[in-house]
Amino acid sequence: MRHYEIILMIYPEKSEKVIKIIELYKKIILSKNGRIHRLENWGKRSLAYTIQKLQQAHYILMNIEVSIVCMKYLENHFKFNLNIMRHLVTICSTAFKEISVILKNQEENKKELSFSKVPSKKVSK
């Protein structure tokens, strides 16, 4: 079994199907005796350049451990899934289980926004 990191770019108009897409691939991986070490839904993000006249895509990150046969099956499925705009698969030497830098930054930004929305109390004299 090898470790892989997978990034999926979903068409932005298909964002409502992201949960179903994630569940589909979780089911495939687990049915083939694979393990999911990390699964992150990064949400819609801007693209560095336009792809098919689109400026954004919905990103999903997965770190998994599966057999080579299962990975070939998944890659074939990625190619023919009409909801997936692009995909990237890399082989990793170890399993990554900690939260990614992108998700950390998103959570920090949410915290900063929530602190800035809290109205400050004015002390009257």
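**Chat about a predicted model**

Biologist: Starting with helix H1, how many residues apart are glutamate 23 and lysine 26?

Modeller: Glutamate 23 and lysine 26 are three residues apart in helix H1, so about one helical turn separates them. Helices here are DSSP runs of H or I with at least four residues, strands are runs of E with at least two, and both are numbered from the N terminus. This is a predicted model, in which local features need pLDDT of at least 70 and side-chain atom pairs count only at pLDDT 80 or more, while totals for chains, interfaces and linings use all residues. Residues are numbered from 1 along each chain as its sequence is written, and side-chain values use heavy atoms, with hydrogens and water left out.

Biologist: What do the side chains of glutamate 23 and lysine 26 meet in?

Modeller: They meet in a salt bridge, at 3.7 Å from N to O. A salt bridge is a side-chain nitrogen of Lys or Arg within 4 Å of a carboxyl oxygen of Asp or Glu. Side chains of opposite charge can pair when their charged atoms come close.

Biologist: How many salt bridges does the structure hold?

Modeller: The structure holds three salt bridges. Another one brings together the side chains of arginine 38 and glutamate 5, with 3.2 Å from N to O. Arginine 38 belongs to strand S2 (residues 35-51) and glutamate 5 to strand S1, so this pair ties together parts that are 33 residues apart in sequence. There is also a salt bridge between the side chains of arginine 35 and glutamate 65, at 3.9 Å from N to O. Because arginine 35 lies in strand S2 and glutamate 65 in strand S3, that pair ties together parts 30 residues apart in sequence.

Biologist: Is arginine 38 buried or exposed?

Modeller: Arginine 38 is buried, with a relative accessible area of 9%. Buried means under 20% relative accessible area, exposed means over 50%, and partly exposed is in between, using a 1.4 Å probe and protein chains only. Glutamate 65 also counts as buried, at 15% relative accessibility, whereas arginine 35 is partly exposed at 45%.

Biologist: Changing topic, what joins the side chains of histidine 58 and asparagine 41?

Modeller: A polar contact of 2.7 Å joins those two side chains, and the side chains of histidine 58 and serine 15 are joined by a polar contact of 3.2 Å. A polar contact is a pair of N or O atoms within 3.5 Å; within protein, one must be able to donate a hydrogen and the other to accept it, and residues adjacent in sequence count only if both atoms are side-chain atoms. Histidine 58 is found in strand S3 (residues 54-66), and with a relative accessible area of 8% histidine 58 is buried.

Biologist: Leaving aside its neighbours within four places in sequence, which residues is histidine 58 in contact with?

Modeller: With those neighbours left aside, the residues in contact with histidine 58 include Leu8, Met9, Ile10 and Val18. Contact means heavy atoms within 4.5 Å.

Biologist: And how many residues has the largest nonpolar core?

Modeller: The largest nonpolar core has 19 residues, and among those with the most contacts inside it are Leu8, Tyr25, Leu74 and Phe78. The elements that give two or more residues to this core are strand S1 (2-10), helix H1 (18-31), S3 and helix H2 (68-80). H1 gives the most to this core, with six residues. Apart from it lies another core, of twelve residues, including Ile7 and Tyr59. A nonpolar core is a set of buried Ala, Val, Leu, Ile, Met, Phe, Trp, Tyr and Cys residues joined through side-chain atoms within 4.5 Å.

Biologist: How many aromatic pairs does the structure hold?

Modeller: The structure holds two aromatic pairs. One of them is formed by tyrosine 25 and phenylalanine 78, which are edge-to-face, with 5.0 Å centre to centre and 70 degrees between the planes. This pair links distant parts of the chain, with tyrosine 25 in helix H1 and phenylalanine 78 in helix H2, 53 residues apart. Rings of Phe, Tyr and Trp (its six-membered ring) pair if their centres lie within 6.5 Å; planes under 30 degrees apart count as stacked, over 60 as edge-to-face and the rest as tilted.

Biologist: Where is asparagine 33?

Modeller: Asparagine 33 is in the loop between H1 and S2, and has a positive phi of about 65 degrees although it is not a glycine. With a relative accessible area of 62%, asparagine 33 is exposed.
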